[in-house]
Amino acid sequence: MAFSAFATGTAQEQAPRRKSRIALFLLLPGILYLVLFFLVPLVSLVLTSFQEPIVNGDIGEYQTAFRWENYTDVIGLYGEHILRSFLYAILATIFALLFSYPLAYFIGVKARRWPLIQNLMLVLVIAPFFISFLLRTLAWKSLLSDESVVITGLKALSLMAPDAHFTGTPAAVVFGLTYNFIPFMTLPLYATLERLDTRLLEAGGDLYSRPFTTFRTVTIPLSMSGIVSGVLLTFIPAAGDYINASRDFLGGTGTAMMGNVIESNFLVTLNYPAAASLSIILMAVILVMVTVYVKRSGTEDLL
Amino acid sequence: MLGEAVTAEKPPLRARRLSWGFGSWLLPAYTIIALVFLLIPIAYTFVFSFNNSVKSNIVWRGFTLDKWANVCDKAEVCEAFGNSLVIGVVATVCATILGTMIAIALVRYRFRFRSAISLLLFLPMATPEVVLGAGLAAEFLTAGVEKGLVTIIIAHTMFCVSFVVVTVKARVSTLDPALEEAGRDLYGSPSQVFWRITFPLLLPGIIAAALLSFALSFDDFIITNFNAGTTSTFPKYIYISAARGIPAEANVIASAVFLLAIILVLISQVSSAMRRKRLAKIG
């Protein structure tokens, strides 16, 4: 959805070559702003990632250098956190897709007959956006705590070991990530499924294809652009998230993700080079994964 | 965003039901369960805003309206909320102006470095928030800028601009250039054409973009945390007090904001449904 928005080539048809001074006036403030507060920060992050501590300097004092070892150091120290981040983010993305697809299919295809109900269901899907992300996560923490009805119930039914916990475990973190990013998955899926021409599904049936074959060979390919947008919109924020994995929220001692490590290095121990090199690694891995994924799924025009 | 998706043209309805079992009752039942699941934490937050809690708000201690009546008894909650409102409004105004100008330029004008500019607009949306936050914080650190309200506003404006561009651009590309041409043919000055024709037609898109920006800014925690210094915002207050327990007053504010937002969305839905009906009658 968001990713295809810049790619459309309407300008060529609509715009005869008009005064480029006006274009410059319209573009300059915003572009300058982004250069100053998006691009320059990225560059300064790269520079920081190579800095070295000042000899005899205070904590948090660094000087410009070209210290490659910062990268090997953080990979050695936090390799586990890096792997965990991507593992959790991939799991959350898969669960969010499995959760959202039938939901988006019902709202976008089945509910077309009742536009009002369709719109109300969409409002319910985006409703979580209107209440603080942090409070939602804390609500789950209470609802799934050891004393909660759900967990005591599961234990009473022997579906969970009596001394087991849910909050603080990797499962809880993946659950939280999945829950928090479901609307990002459902909305782009809905946007493509809503435009799905159901006559094509009928044609599949008329040609004696089994429903599952029709779903696999017609519905899925036609909704591919929504799947790709949803996966990216879920995976990217999930990989960088540090709320769910935080110990005060759904995480525990063994669940810290890259975001947690970047935060504690930057804001607590003032180890700016380590935080910066971790950020660059996170961004680089995401860019590589996104490019490969978009190429593989055959929707290159999205970027 | 929502409005655009909803008013899009739909292919004709199929007459026959799909024959596979997935369609009959399983899917509607699943949808209801899924929607209820999405709403559980909201209901929890809302219910616990009426809790007669003492310190932490975890155990139910009976119903009270006290917290709603005296939200600002917890001064830090109200102060954080006030900061969030100020930041949200200022960042929204800045991002909406900058983003709308870019959106108009992108659709209406041809210029060099077009793909570079598109990439520059796309990247902030594809960058994880930790990286955006840490990058800005590193820049402020190098430049020796003290972090506070201003640095939060700068940060929020930055990540909202791209979302404004996407939202407004969708609206600009649906605009018929013939309308503006007609204005010019009737001897309208460029500024008259813009303010009397272009701007009113763009307004729904601009309003949608502004609401989106405000929502993004108001709920942002990660980028804020890196650039706030000692300044508190509503999400930051919740993060800090999570360890010792959130007061019910925070639930009150979150619930009130939620109700307000839902009412606004429902009003816009109903009014657009009524407009469609009117248009259908004329047609």
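Mentor: The account below starts with the chains, turns to their contact and the core, and ends with individual helices.

Residues are numbered from 1 along each chain as its sequence is written, while chains are lettered from A and ligands numbered from 1 in the order in which they are written. The model is predicted: local features need pLDDT of at least 70, side-chain atom pairs count only at pLDDT 80 or more, and totals for chains, interfaces and linings use all residues.

Chain A holds 12 helices and 2 strands. Here helices (H or I, at least four residues) and strands (E, at least two) are DSSP runs, numbered from the N terminus. The order of elements along chain A is α-α-β-β-α-α-α-α-α-α-α-α-α-α, and its C-alpha trace spans about 80 × 75 × 35 Å along the principal axes. Chain B has 12 helices and 0 strands, with a C-alpha trace of about 70 × 65 × 35 Å along its principal axes. A residue is buried if 20 or more other C-beta atoms, placed from the backbone, lie within 10 Å of its own, exposed if 12 or fewer, and partly exposed in between. On that basis, 44% of the 303 residues in chain A are buried, and 41% of the 283 residues of chain B.

The contact itself takes 87 residues from chain A and 87 residues from chain B, two residues being in contact if their C-beta atoms, placed from the backbone, lie within 7 Å. On the side of chain A that touches chain B, helix α2 (residues 20-49) of chain A gives the most, with 18 residues. That side has 60 nonpolar, 15 polar and 12 charged residues. In this classification Ala, Val, Leu, Ile, Met, Phe, Trp, Tyr, Cys and Pro are nonpolar, Asp, Glu, Lys and Arg are charged, and the others, Gly among them, are polar.

The largest nonpolar core has 150 residues, of which A:Leu278, B:Ile102, B:Ala105 and B:Ala134 touch the most other members. Such a core is a set of buried Ala, Val, Leu, Ile, Met, Phe, Trp, Tyr and Cys residues joined through C-beta atoms within 7 Å. Leaving aside residues up to four places away in sequence, B:Ala134 touches A:Leu45, A:Ile262, A:Phe266, A:Ala275, A:Ala276, A:Ser279 and B:Phe226.

B:Val270, which lies in helix α12 (residues 248-282) of chain B, counts as exposed because it has 12 C-beta neighbours inside 10 Å. B:Val270 and B:Ala143 are 127 residues apart in sequence and 50 Å apart in space, C-alpha to C-alpha.

Helix α10 (residues 224-240) of chain A is largely enclosed by the rest of the structure, because 16 of its 17 residues are buried. At 1.5 Å a residue, helix α10 of chain A should span 24 Å, and its end C-alpha atoms are 25 Å apart, which agrees; the expected span is 1.5 Å times one less than the number of residues.

Also in chain A, the axes of helix α8 (residues 198-206) and helix α9 (residues 211-222) come within 10 Å and cross at roughly 145°. These axes are lines fitted to C-alpha atoms, for helices over the stretch in contact, and angles run from 0 to 180 degrees between N-to-C directions. The contact involves A:Leu200, A:Leu201, A:Gly204 and A:Gly205 of α8(A), together with A:Thr214, A:Val218 and A:Thr219 of α9(A). By class, the contact of α8(A) with α9(A) has 3 nonpolar, 4 polar and no charged residues.
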